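User: I would like to go through this model and ask what stands behind each label. Please set the values against the cut-offs as we go.

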Amino acid sequence: MKIICRRCKKIIGEQAPYRDNAEVKAKCTDCIAKDKEAISRFTPKPALHDGQEVTLDNGLKGRLWVAKGKSEQLSLWELAVTGRRFVCGNRIRGTFEKHLDKLKDQEVEVSFLHSMSCKLPDSKRKKKNDKSQEAENKFTDSTQYNCTVKVPKQYALSMFDGMADRLNKIVEILSRAGAMSFDEFRDMAIKRQKEVC
């Protein structure tokens, strides 16, 4: 089998079975060096701010907004459609579809967790009596940014399905690790759905 660089297509070497003409993709040392140079030249994006417009990877344009308070904070597997929150799980899909059907407009506003910025705590040691201030700062030192996009109802449904798939994968990983069974995690998600509705 020939080992070929995935970027420049240069032949790097061979590996067993030698009579097999299949190709194995890798990266040559020249391309790795180019990647390292590109990373060293990286300039970070400007800081996020409330009301900033963003273009997502799929080309959709959305608006960022700061989640103020616990009621506006969304998890990685939650969507809010016209203000109503949904935990994206298979058992809740029917409820989500009914909600979309009730809406008159063909396009709906969908909000989801976009990103979070956190300030690292000071390295200075705090006094033992200063625990209340430490607990208070724990929440004020991070900012959660949600993103709202306007999409057709069918696209909102595909966003829900994508998040439900993500949730199922996380549940599988946790259940394999023995941290929580699939049923326990699903029940927790359903309980969360009832709390936010």
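User: What average pLDDT does the protein have, and what percentage of the residues score at least 70?

Analyst: This is a predicted model. The average pLDDT of the protein is 81, and 76% of the residues reach at least 70. Where pLDDT is low, predicted coordinates should not be read in detail.

User: How many helices and strands are there, and in which pattern do they follow each other?

Analyst: The protein has five helices and nine strands. Along the sequence the pattern is β-β-β-α-β-β-β-β-α-β-α-β-α-α.

User: What makes S4 and strand S5 a pair?

Analyst: The criterion is at least two bridges between two strands. S4 and S5 (residues 61-66) have three, in the antiparallel sense, so they count as paired. Within this pairing, Glu-53 has Arg-63 in S5 as its bridge partner. Five residues lie between the strands of this hairpin, and Gly-59 there takes a positive phi near 95°.

User: How many bridges join strand S6 to strand S8, and what makes that enough for a pair?

Analyst: Two bridges join S6 (residues 78-81) to S8 (residues 107-118). The requirement is at least two, so the strands count as a pair, and they run antiparallel. Ala-80 has Ser-111 in S8 as its bridge partner. S5 and strand S9 (residues 142-152) also pair in the antiparallel sense, over five bridges, with Asn-146 in S9 as the partner of Trp-65.

User: In what order do the six strands of the open sheet come, and why do S4 and S7 stand at the edges?

Analyst: The order is S4-S5-S9-S8-S6-S7, with antiparallel pairing. Strand S4 (53-55) and strand S7 (84-87) each have a single partner strand, so one side of each has no neighbour in the sheet. From one strand to the next, the twist averages 35°. Helix H2 (residues 93-102) packs on the sheet and touches S6, S7 and S8; the direction of H2 makes about 155° with that of S7.

User: Why is Ser-111 called buried?

Analyst: Buried means under 20% relative accessible area. Ser-111 is at 9%, so it counts as buried. Ser-111 is placed in strand S8. Not counting residues up to four places away in sequence, Ser-111 touches Trp-65, Leu-74, Glu-78, Leu-79, Ala-80, Cys-147 and Thr-148.

User: How many residues has the largest nonpolar core, and which have the most contacts inside it?

Analyst: That core has 26 residues; Leu-79, Phe-96, Leu-100, Val-108, Val-110, Phe-112 and Val-149 have the most contacts inside it. The elements giving two or more residues to this core are S6, S7, H2, S8, S9 and helix H4 (153-177). H4 gives the largest share, eight residues. Leaving aside residues up to four places away in sequence, Val-110 touches several residues, including Leu-79, Val-149 and Met-159.

User: Which peptide bond is cis, and what is its omega?

Analyst: The bond from Ala-16 to Pro-17 is cis, with omega near -5°. Pro-17 is in the loop between S2 and S3.

Terms used: Residues are numbered from 1 along each chain as its sequence is written. This is a predicted model: local features need pLDDT of at least 70, side-chain atom pairs count only at pLDDT 80 or more; totals for chains, interfaces and linings use all residues. Side-chain values use heavy atoms; hydrogens and water are left out. Helices (H or I, at least four residues) and strands (E, at least two) are DSSP runs, numbered from the N terminus. Axes are lines fitted to C-alpha atoms, for helices over the stretch in contact, and angles run from 0 to 180 degrees between N-to-C directions. Contact means heavy atoms within 4.5 Å. A nonpolar core is a set of buried Ala, Val, Leu, Ile, Met, Phe, Trp, Tyr and Cys residues joined through side-chain atoms within 4.5 Å. Buried means under 20% relative accessible area, exposed over 50%, partly exposed in between (1.4 Å probe, protein chains only). pLDDT is the predictor's confidence in each residue, from 0 to 100.
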